[in-house]
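User: I would like a close look at a single part of the structure below, with its setting in the chain described as well. Please give the cut-offs for any terms you use.

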Amino acid sequence: MVKVVRLRRGAEKQVLNGLLTIYSKWIEDDGGAEPGEDIILVDSRRKTIGIGFYEGIGAVGVRLLKIGAEEDVSDIIRRNILYAYRKREFYPFDSKRIVNADADHLPGLIIDLYKDTAVIQSSSIGMDNRLDLIAMILRRSGIANYVYVRNDQRSRMEIGLERWRGWMVKGDETVLTIREGKAIFKVDIEEGQKTGFYLDQRINRLEAGLYTSNKKVLDLYSYTGGFGIQALVNNAKKTVFVEETPRSIELLYENLKINDVLEKSEVYEGRVEKFLDESGGKFDVIISDPPALVQNRASLDKGVNKYRKVLKDIVKHISQGILFVSSCSYFITPEILKREIIDKILEENRRRYLYLGMVRGAAPDHMHRSIDKELRYLKGYFLYIH
Ligand SMILES: C[S@@+](CC[C@H](N)C(=O)[O-])C[C@H]1O[C@@H](n2cnc3c(N)ncnc32)[C@H](O)[C@@H]1O
């Protein structure tokens, strides 16, 4: 018998707005459901709202998969994955995000596809319990031949979920080669960051490549070389990469070799702060794509100061040219990045600058609905400094 979880009075408004992640504080009665179990969600008057999983760990109470009448959970997951994949057929790359959590009515689930290998990342006990089903859907539908799970993100520990990674459907290699425009990249799905590659910055990397012909480029926080290699394959004169993690640096070198741009490159193996301090070099194009420097609302002011400090040091290295300033911290809104970080530092340092178009965000495969605020973590601005 499927357990019934009842909401507090008034909480159904959140669901009617389209929210699929239901917080524990909105739940009146969990009906005895165990974490990961299928449930029927009802409102305070016991009217059925929808179907999903009981989570019951951390702040999340329920992940809803479908609003409306009863249906088998496995059928809903199958239909939503196939539809999520179909929605991205317009996006012309051999690797892409094919499931983006709540936006695809699969809250707690991310799936990135690298050619014929799918990499799953779950932050939900309900999704964890259905990894076999998800792998089977991906394989039987022909979306992927191989399926890897990257459930090793630190945030899983905070909600009491086990951290692990490994094959569900075994492939030969955990280092894959993908194409992005004129460049190719090795992607380490086992030890790389995220699911192996920053698919979210793709269109911004391709845009940066439009501005780099014959230019001297600085790629700060370069990871495996995404921005700087786009610059080089688009005829940049030279790129200096700055990255501190050994595995990323190894792959960066491999990517430089396979794109045949090693001799136009210089790699600084260390911290961006130290490089900016020590180097006297000037660049025509600078990219700054740091990790999330703000992890929670309480540390917003401190984090804003970190972004300001780095930007202040960056602008010393550009006399005239293009600057891309990005932030993937959810708590740094596009307005905070623009007004409190970029405008403040450039004005204080008496630099003349113009915004090139509007705010940029994550690539189109990272679909979101208006209410999916947390899926809109990435923002960045291209600037002309003169
Ligand atoms: C958001 S990722 C960059 C992604 C990259 N731009 C791309 O398109 O693939 C940030 C990178 O900065 C590196 N990193 C973090 N803090 C750093 C620091 N202080 N100095 C140098 N690298 C750092 C991380 O190891 C990570 O590879």
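The part to look at is the largest nonpolar core: which residues have the most contacts inside it?

Analyst: This is a predicted model, in which local features need pLDDT of at least 70 and side-chain atom pairs count only at pLDDT 80 or more, while totals for chains, interfaces and linings use all residues. Residues are numbered from 1 along each chain as its sequence is written, and side-chain values use heavy atoms, with hydrogens and water left out.

The setting comes first. The chain holds 11 helices and 20 strands (DSSP runs numbered from the N terminus, helices being H or I of at least four residues and strands E of at least two). Its C-alpha trace spans about 70 × 50 × 35 Å along the principal axes. Of the 386 residues, 54% are buried (under 20% relative accessible area with a 1.4 Å probe, protein chains only; exposed is over 50%, and partly exposed lies in between). Counting contacts (heavy atoms within 4.5 Å) between residues at least 6 apart in sequence, 62% join residues at least 24 apart.

Now the core itself. A nonpolar core is a set of buried Ala, Val, Leu, Ile, Met, Phe, Trp, Tyr and Cys residues joined through side-chain atoms within 4.5 Å. The largest one has 35 residues, and Leu218, Leu220, Phe275, Leu323 and Ile332 have the most contacts inside it. Two or more residues each come from strands S14 (216–220), S15 (238–243), S17 (283–288), S18 (318–327) and S20 (379–385), and from helices H9 (272–278), H10 (300–315) and H11 (334–348). H10 gives the largest share, 7 residues. In soluble globular proteins, nonpolar side chains tend to be buried together.

Setting aside residues up to four places away in sequence, Phe275 touches Leu218, Leu220, Val240, Val242, Tyr268 and Phe283. Two of these partners, Leu218 and Leu220, are also among the residues with the most contacts inside the core.

A second, separate core has 30 residues, including Phe197, Phe227, Leu252 and Val267.

In H6, 6 of the 8 residues are buried, namely Arg202, Asn204, Arg205, Glu207, Ala208 and Gly209.
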